[in-house]
Structures are given as C-alpha cells and as structure tokens.
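Look at the structure below and keep it in view while reading. The paragraphs that follow go through the backbone and then the aromatic rings.

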2 protein chains.
Amino acid sequence: MRADDPLPSWNDTDTKKAIVAFVDRVTTPGSPDFVPESDRIATFDNDGTLWAEQPMYFQVLFALERVKALAPEHPEWRETEPFASLLRGDVKSAFADGEKSMMTIAIATHFGMTCDEFDQIVRDWIVTAKHPVTGRLYTETIYQPMLELTAYLRASGFKTFIVSAGGVDFMRLWTERVYGIPPENVVGSSGKIAFEFRDGKPVLLRPPEIDFIDDGPSKPIAIRRHIGRHPIAAFGNSDGDLQMLQWTMSGSGARFALLVHHTDAEREWAYDRNSPLGRLDKALDEAQAKGWTVLDMKSDCKTIFPFGNK
Amino acid sequence: MRADDPLPSWNDTDTKKAIVAFVDRVTTPGSPDFVPESDRIATFDNDGTLWAEQPMYFQVLFALERVKALAPEHPEWRETEPFASLLRGDVKSAFADGEKSMMTIAIATHFGMTCDEFDQIVRDWIVTAKHPVTGRLYTETIYQPMLELTAYLRASGFKTFIVSAGGVDFMRLWTERVYGIPPENVVGSSGKIAFEFRDGKPVLLRPPEIDFIDDGPSKPIAIRRHIGRHPIAAFGNSDGDLQMLQWTMSGSGARFALLVHHTDAEREWAYDRNSPLGRLDKALDEAQAKGWTVLDMKSDCKTIFPFGNK
C-alpha cells in the first residue's frame, strides 16, 4: 500500500486489501497478471453502487416530481392511473402493479420533447432537488468509498464506465462533475431518438418509446455494444448486476468482481435478499460460491457519504 | 502555425489554414471561442474519410472472401443468389439489386457465431488481406493527411470518435492500432447480441439480425446514444455524412465541418456526384452553400497514403 492512501474512507480490512492487491497485480510491469492500460476497463453499476437507491431509485423520484410539475397540462391524469394515485400522494397504490406503472410514468415524464429540452430539465433538477432522507442533493448522496475507488482505478490507468439500468441521458448530465466519468463512458437504458428539421434547424427528439433496458443479461450486451472490450473489473450491488459480474469474471487473466452489500441501517440503509429495490440474492450466493469480493458497508467503510451519515 | 508542423502531409493551402485556425480558436484560453477539453468532441466517418473505399467498401471485400471460405459448408449457395453469382466471380450480377444482396451477404458472413469467434476472424483477416489495387494491407490504405489530423486534434485536447456505417465490431479490432482511436470511441452499424451460457460459461452470440445501420440521419442519433455530447467538429466524405455535419454545425460557438473530396484519380481515386459508392452530391452542395471546408485531395495533399500513391 502506498504512503498516501488512495482509499482513506476504507477500513483496512480484507476487502480493501483485495482491491489494492488486484490493482498492484495488473499494473506492475513484469507481473504475470500485468494488463496494458488500454485493456484496463472497469464497469460500475450506479443505483446502490455509486449513489444510494433508497428509499426509491432517484430517477423515479425525479419522475414523480415531473408528474406533479406536468399535472396542470394533463387534467386527464386526475382520472387515470397510475397518475391519479400519485397526484393524491399515494405512491404505494400507483406502483401496485410494479414495472408497468413505472414504465407509464417514465414515458410520460421522459419523452415527448427534444433531447435539449430533456437535458435542461434534468440539469435544473439535479442542482436543486434534495434527497427526502438525507436532505442533501442527490449528487451528494453518493458513496464516498466508491468515489475514491473510481478515482484510484483511473489513477492506476483504468478507464471507468457506468453500466446502469438508469436512463443514460439522465445520468450523463452530472456524472463527469460528480464521479469524474464523462458522458461517453456512461451506458444505460435509453429511449428511441429521432432526427428531424424544425424551422430549418436539425433537432433530436425523444419519441415516447423505450429502446433498451440495461439490466441483468442486457448489461454484458450493452458492454459489448458500447465499450467493445471485456472489462477486467466490475462493481455492482444487486441481482441486476449478476450477469455483468459473471461476464467480467469469465475472461482469462486477472479479474475482479465486487458486490456492495448494504448492511448498515444506522449510517445508511440495510437491505438485500428481500428488498423489492436493489434485491441482492442470487448474486450474493454466487459471490460466496465463487469467492468474489463483498464490500460490507458496516465493517469495511469508515465514511459512507461525503457529508457523513444518513 | 507551430514550428514543428503537425500536418506535414498537407499543402499549405486554405484548407490546412482553416483547420489550424479553428483549433487555435477553440484551444486558446481567453479566446471568445475557447472550448473546454471535455467538450472538444470530433467525429470522423471511416470509409472514404479515414481509409479508402474503392474499388469497393473494404468490409464488403472481407465479406466476399468469407463467402468463398464458407462455401464448402454451404453447398446450397451454388444454387442461391447472390451467393451463386459471387462464387462464379460475377460480383456485378450478385449486387444487381443493390442493398438487399449486400445485407444477405452481410448476415451470412457476419452472424451466427460467438462474438469472440467473429473477432478472431477479423483479426486474422486484417493483418494478412491485401487491397486489390494498392497491394498493401487495408490498414495501410489509409489517408495519411487524415491520420495526421486525428493525431493533431488529440494533441490539442480533442477526443476523436469514428462514426461510420461500417460494422462497429469489424472496425474496433484495429482502429486503436491504426488510428489511435480505441474501441469505445468507435460508433457503427451493429447486429443484435445475445447473452447465454454454454457449458456453464457465459458467451455473447451474434444472432442473424441487424440492429442498427449507422448512416445518414442515424449518425446524429448514434452520436447522441453513444457519445452523449454535441461534436464541435465533424469529418466525412459522402452524402451519408451530411446529417452528422449538419448536426455538428447546428450547435452554438465555434464549429468545424470538413468534407473529403476525392479529386485525384492519379494518386488515389476520383469520384463524387455520380458514384454508387460514397456518393458526394447533396453534401457537396450544402458545403458550398454553407461555407464548410472541402478538402481537395489533389491540391491540398502532399501525401495520400503512408506508402505514397495508389
């Protein structure tokens, strides 16, 4: 370990040692596990891995605020589910049927405008909206140890990518400023895009159609499509990351897989096998069976958020 | 212009001066047109812009060689078009119906295998196959002035991307070595990808289905999907690049668009408005109307290919 610790928010446990040992192996010239810089690709899930995902995915909270903001233009929503329940403040009923309502809300709030218009809405929201529990900006409700980890990997010649089920256009507007990960290194779910001319000027539009959901087995597919190389390290926190970790570990040479396990209800949130959000069940079994690294938030982390605790 | 000329293969014409003036404007701190490094995005077409595309797109020549190599496994091809004509050496008849036959050939030669298998086929081919006219490797039949331009832009803090109608998986295997453009900075046409387990090991497959053709109006869409930022400079050579250039020039601030005009039948090939391959017609009109930069191969270039001329 170097004198100036690149991971100050990590306790000096086996988890931290495993990370540093892996980085040393792949970056030491002459090591049998040496990997040239161009192949040092590391992929990170976002929700629950880089930033929190409780009490609800932040992008869903964004969508709910958009429903309220757009309601005056949509009087019909007062009679239509899931909008009617949402506007009465009854989030539970609104999402009683799960995914389907979530998609209806996503389409109503994320599409039907130009790409520039959507970008501006997210840009305005992300610098003002506060997390309902921490009272901080969403972009502050991020995991300090993981922030240090992405920076440590980049300082070690890695290229860091986000590979998330979150909307790619939602994330790209702040990931560079917050994580140091530029827009082109963000892979996520996306809608269709259309190109047309308006008043003689080309515009990109967001028609109301989802194109790609970047979750589960779609993550290795998205990695192939977007990055075109096999990651040598992958970081996630839920069953939706399982195939990304499996794919990463299936390559030859030194590989690293880490699961963030949320075990600290005191300082942040504790949830795993029975959580409807960010369920960590099969991936935890596989990590234990295969010897992947599991980050135990309670014992491995000195600091949780940049501002401290929840 | 600097003492050590970054563009030695360019004659000292207005074209070269326009490029250098643009780069100076966007990179000089305090200049009203200064652009921070993170927004210095430059996109390049590949066929006819970075490497040649005559007498036929190189990827089509690859596909034709694959048809020959695979023919013994496909006795039915001797009776089926367009394969039958191709195997008789009659390329003209094979492609008499244009795009449709080209797609049939693409699917038969590029799909139905794992991604790893496809990569290996391209890797083996690209280091041995020779261009039918130059007798050089395809990766040597590249435009030296454009090679210098990509390096000059990167040295000036730009990120360079390929945005091509060529197959993304075909290009990514050699673009880093040849152009210094890494796989993740290559955007192109693509097929569907599937993720499954074989003998307990995850594999990515190429089912026989085209997913995205990155040409014409799809280029700005692909730029949004993949890069997520508005390029400030774009380089192409055909009508298939028109919308990419229009989109690039539509942003605010300093912008640069360049069309490679193939005017030198002696040292390489001359073709434009009437060419079935790389037709340059509408885009040339628009360049003239809008004052975009046109690179005249004959007068603007000292050197054509790294090895000299055709």
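A residue is called buried if its relative accessible area is under 20%, exposed if over 50%, and partly exposed in between, with a 1.4 Å probe and protein chains only. This is a predicted model, in which local features need pLDDT of at least 70 and side-chain atom pairs count only at pLDDT 80 or more, while totals for chains, interfaces and linings use all residues. Residues are numbered from 1 along each chain as its sequence is written, chains are lettered from A and ligands numbered from 1 in the order in which they are written, and side-chain values use heavy atoms, without hydrogens and water.

Start with the rings. Both A:Phe58 and A:Tyr138 are buried. Rings of Phe, Tyr and Trp (its six-membered ring) pair if their centres lie within 6.5 Å; planes under 30 degrees apart count as stacked, over 60 as edge-to-face, and the rest as tilted. Over all chains there are 40 aromatic pairs. In one of them, A:Phe58 and A:Tyr138 are tilted, with 4.7 Å centre to centre and 50° between the planes. A:Phe58 lies in helix H2 (residues 58–70) of chain A and A:Tyr138 in the loop between helix H6 (115–126) and helix H7 (144–155), so the pair ties together parts that are 80 residues apart in sequence. Helices (H or I, at least four residues) and strands (E, at least two) are DSSP runs, numbered from the N terminus. A:Phe58 and A:Tyr138 also belong to one aromatic cluster, with other members including A:Trp51, A:Phe62 and A:Trp125.

Rings can also have a charge over them, which is counted if NZ of Lys or CZ of Arg is within 6 Å of the ring centre and within 35 degrees of the ring normal. In chain B, the charged end of B:Arg206 sits over the ring of B:Phe118, 3.8 Å from its centre. The charged end of B:Arg225 is placed over the ring of B:Phe212, 4.3 Å from the centre.

Now turn to the backbone. Most residues other than glycine have a negative phi, and most peptide bonds are trans. The bond from B:Gln54 to B:Pro55 is cis, with omega near 0°, and B:Pro55 is in the loop between strand S1 (41–44) and helix H2 (58–70) of chain B. Another cis bond joins B:Glu81 and B:Pro82, with omega about 5°.

A:Asp199 has a positive phi, near 50°. This residue is in the loop between strand S5 (194–198) and strand S6 (201–206) of chain A, and is exposed at 84% relative accessible area.
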